[in-house]
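These are my notebook entries on a structure that was new to me. I set down each item as I looked it up.

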Amino acid sequence: MGVYLVSVAAQDWSRPGEDGYGDVAAALNTELERRGLPRYELWQSGREAPGWFEEKVSPSMDGFVALCRTLLTDAELSTLLDWSVLVPIALEEEIVLPVGTAYSGEETVVAGASRVLALAERLAGAVGLPVDAIPAGENLALSLWFLEGGAERTARERPGTWAEDQDAAFYVALYLRAAQYCLRSGCPMTYS
């Protein structure tokens, strides 16, 4: 049990109702058209990612939020943390949709992955996160790397600010890898 950050498959993105995100997809496209922007059609992305992205959101966020408050503006912090759906399209600001999901309540906040990635990269650079040593691609690889000692072993070999608060480092890595996956695969991300 718990909360997971996951990628959304094309069939789930287009399926309306409780088991899908079709209502969110339709509302997003309506709002994009209203703003004069192209529609977001997942099946037109032309890129099918092998597997899917899934990471468990379990460590305390206190240290991460404190780190963000020292390095980011309030608006940047909101961009990084307040979305409920991340999409691989360029958005100058978050879009609030009057459609709820199981984890978003009555509204869904949609953010562009490139903005989230830029903020996560800034945080990773500030704490010296050894990005090349952090797993990517396999489901739960990041969560397991932090939980099963991979991060501790890397911290002994490559110490730095990132190693002083492993929970904060987890969230920097989580948002970094999620945004990268979203952009690379062309699929949305959400909480489940």
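**Entry 1: Pro130 and Thr154**

Leaving aside its neighbours within four places in sequence, which residues is Pro130 in contact with? I worked from a predicted model throughout. With those neighbours set aside, I found Pro130 in contact with Thr154, Arg158 and Trp162. I located Pro130 in the loop between helix 5 and helix 6.

I then turned to Thr154, one of the contacts of Pro130. Thr154 is found in helix 7, which covers residues 150-157. Is Thr154 buried or exposed? Its relative accessibility is 9%, under the 20% limit, and Thr154 therefore counts as buried. Not counting residues up to four places away in sequence, Thr154 touches Pro130, Ala133, Trp145 and Trp162.

**Entry 2: Leu140**

I stayed with the loop between helix 5 and helix 6, where Leu140 is also found. Helix 6 covers residues 141-147. I noted that phi of Leu140 is near 65°, a positive value in a residue other than glycine. At 26% relative accessibility, Leu140 counts as partly exposed.

**Entry 3: the nonpolar core and Phe64**

Next I looked up the largest nonpolar core, which has 63 residues. Which of its members touch the most other members? I recorded Trp13, Phe64 and Leu80. The largest share of this core comes from helix 9, residues 166-185, with 13 residues.

Apart from neighbours within four places in sequence, Phe64 is in contact with Leu80, Leu81, Leu123, Ala168, Tyr171, Val172 and Tyr175. Leu80, like Phe64, is among the core members that touch the most others.

**Entry 4: the two sides of helix 3**

Helix 3 runs over residues 62-71, and in it I found Phe64, Leu67 and Cys68 buried. Why do these residues lie on the same side of helix 3? They cover an arc of only 100° around the axis, and this puts them on the same side. On the other side of helix 3, I found Asp62, Arg69 and Thr70 exposed. I then asked what covers the buried residues of helix 3, and the cover includes helix 4 (74-81), helix 5 (113-127) and helix 9.

I examined Leu67, a residue of helix 3. Its relative accessible area is 16%, and since buried means under 20%, Leu67 is buried. Beyond its neighbours within four places in sequence, Leu67 is in contact with Leu123, Val127 and Val172. The C-alpha atoms of Leu67 and Asp82, 15 residues apart along the chain, lie 16 Å from each other.

**Entry 5: helix 5 against helix 9**

How do helix 5 and helix 9 pack, and at what angle? I noted an angle of about 145°, with the axes 8 Å apart. The crossing of helix 5 past helix 9 is left-handed. From helix 5, I listed Ala113, Ser114, Val116, Leu117, Ala120, Glu121, Leu123 and Ala124; these meet Val172, Tyr175, Leu176, Ala179, Gln180, Cys182 and Leu183 in helix 9. I sorted the residues of this contact into twelve nonpolar, two polar and one charged.

My last entry concerns strands. Thr108 lies in strand 5, residues 108-112. Its relative accessibility is 0%, so Thr108 counts as buried. Leaving aside neighbours within four places in sequence, I found Thr108 in contact with Val24, Ser84, Val85, Ile95, Val96, Leu97, Val99, Gly100 and Thr101. Thr108 and Val85 are 23 residues apart along the chain, and their C-alpha atoms are separated by 7.0 Å.

Where is Glu94 found? I placed Glu94 in the loop between strand 3 (85-87) and strand 4 (95-97). With a relative accessible area of 21%, Glu94 is partly exposed. Setting aside neighbours within four places in sequence, Glu94 is in contact with Arg35, Thr79, Val109, Val110, Ala111 and Arg115. The C-alpha atoms of Glu94 and Asp82, twelve residues apart along the chain, are separated by 9.0 Å.

Note on methods. Residues numbered from 1 in each chain as written. Predicted model: local features only at pLDDT ≥ 70, side-chain atom pairs only at ≥ 80, totals over all residues. Heavy atoms only, no water. Core = buried A, V, L, I, M, F, W, Y, C linked by side-chain atoms within 4.5 Å. Buried < 20%, exposed > 50% of the residue type's maximum accessible area, 1.4 Å probe, protein only. Helix = DSSP H or I, 4+ residues; strand = E, 2+ residues; numbered from the N terminus. Contact = heavy atoms within 4.5 Å. Arc of directions from axis to C-beta. Axes fitted to C-alpha atoms, helices over the stretch in contact; angles between N-to-C directions. Left-handed = near helix turned anticlockwise from the far one by under 90°. Nonpolar A, V, L, I, M, F, W, Y, C, P; charged D, E, K, R; others polar.
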